[in-house]
Amino acid sequence: IAKTTHHLFQPLLYQVATGVLSEGEIAPATRLILRKQKNVQVLLGEVEQIDLASQTVHSRLMEMETVTPYDSLIVAAGAQQSYFGNDQFAAFAPGMKSIDDALELRGRIIGAFEAAEVTTSQAERERRLTFVVVGAGPTGVELAGQIAELADRTLAGAFRTIEPNDCRVILLDAAPAVLPPMGEKLGLQAKRRLEDMGVEIQLNAMVTNVDYMGITVKEKDGSERRIECACKVWSAGVQASALGKAIAEQSDGTTVDRSGRVIVEPDLTVKGHPNVFVVGDLMSVPGVPGMAQGAIQGAKYATKQIKAQLAGKDDPQARKPFKYFDKGSMATVSRFNAVCQVGKLEFAGFFAWLAWLGLHLLYLVGHKNRFTTIVSWFITFLGKGRGQLAITERWIYARLAMEELNSKNSKNSRPSHHR
């Protein structure tokens, strides 16, 4: 049961946002992936309630409600962008957690160049050509690098009143380093490479306000300054699905952490419910980062326990606890350049980039998607072209329009009280 029809490979969303890949290459239809699995039914709908007592999942698609009973349950509802209590920032600085987010960002990025070409105001042109990425983790680093390359390589010579590579790409973070989880050495190498590409790195800088015209930044010494910019991207934090809290509230002794993730038992279950597993970004396990590998390994562990249960070989009291195997982490900085950490081994540059390409190809679903992705990478990284630069007005404004419509519908549906 999921609220989307596709299986999303989230690590490559930034390449959809910057025109390298199409959304179909990283998000094949779940129903088609599983069509040969005859014992699997795929249901589209947003899960509104999980009732642990009655062992049912309640989901909704439009006005249709579905109640699905279960014997065992795996909850992998994931996480959304966190604005640290400032949800109003989302209107002007979208995150990048979904296909909708990536397409909206593509529209905002390309649209900024188009608006800069048309305007006759120098101040407005500079604002349109200023791109700010908030959050210097892997997503922020990868996106900042690709915006810089898009301007410098793909869009070069395509405009008449602007030079795309005159744009400012700013990567800022409240932390004192780039890529903090990967250590000082790799963080500095990524920082130097981005600066060589013209990206401005601003650290110890906390965003205190975001509006249509730009952002307000608070420095470490307490002073504030403005950055006038049209395109803002938020990649600074995550907040787990509300389903995590709803599950915890039904289980005595289960709590959530400050990001809303469920603090699970050693076997990834909810206390008192050995048949309910929580995995991925929704689980909180010491030492397990919120990355794809943690989700993959957690899901494999949970399915192994369920198979053992079906075979009559599972004793919940005797289950071996989940153990996370750290396979390392990677982040691409630009074409031909990435940083890689595998255990104590740290390396950067071309070979790290090749390792990054190979690993991400491996985890893409479907031979066709792998082939078309390789072709797209050849076109973009060996040449200068990008095959996915189409944008529409609806991509840019649809999210805000839908939020406004839902807000109006919610107000209209409230019961009125008459004297």
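Is Met62 buried or exposed? Keep that in mind, and we will come back to it.

Good morning. A quick tour of this structure. Please note that this is a predicted model.

Let's start with the whole chain. The protein chain has 12 helices and 20 strands. Along the principal axes, the C-alpha atoms fill a box of roughly 70 × 70 × 50 Å.

Now the inside. Of the 419 residues, 45% count as buried. Look at the contacts with a separation of 6 or more: 61% of them come from residues 24 or more positions apart.

The accessible surface of the protein chain is about 22,300 Å². Carbon and sulfur atoms hold 55% of that surface.

What about charge? The chain carries 48 positive and 44 negative side chains. The centres of these two sets lie 5 Å apart.

Next, let's zoom in on one hairpin. Strand 1 covers residues 46–51, and strand 2 covers residues 56–61. They pair in the antiparallel sense, over 5 bridges. Between the two strands sit 4 residues. Gln55, in this hairpin, takes a positive phi near 55 degrees.

Move on to Met62. This residue is found in the loop between strand 2 and strand 3, and strand 3 spans 64–69. Met62 has a phi near 55 degrees, a positive value in a residue other than glycine. Now back to my opening question. Met62 is exposed: its relative accessible area is 61%, and the cut-off for exposed is over 50%.

Where does Leu179 lie? In the loop between strand 7, residues 168–172, and helix 7, residues 184–196. Leu179 is not a glycine, yet its phi is positive, at about 50 degrees. Is Leu179 buried or exposed? Buried, because its relative accessibility is 0% and buried means under 20%.

Met62 is exposed, whereas Leu179 counts as buried.

To recap: we have a predicted model, with 12 helices and 20 strands. We saw an antiparallel pair, strand 1 with strand 2. And we met two loop residues, Met62 and Leu179. Thank you.

Notes
Residues are numbered from 1 along each chain as its sequence is written. This is a predicted model: local features need pLDDT of at least 70, side-chain atom pairs count only at pLDDT 80 or more; totals for chains, interfaces and linings use all residues. Side-chain values use heavy atoms; hydrogens and water are left out. Buried means under 20% relative accessible area, exposed over 50%, partly exposed in between (1.4 Å probe, protein chains only). Contact means heavy atoms within 4.5 Å. Accessible areas come from the Shrake-Rupley method with a 1.4 Å probe; for residues, only the protein chains shown count as cover. Lys and Arg count as positive and Asp and Glu as negative; His and the chain ends are not counted. The place of a charge is taken as NZ of Lys, CZ of Arg, CG of Asp or CD of Glu. Two strands pair if DSSP finds at least two bridges between them.
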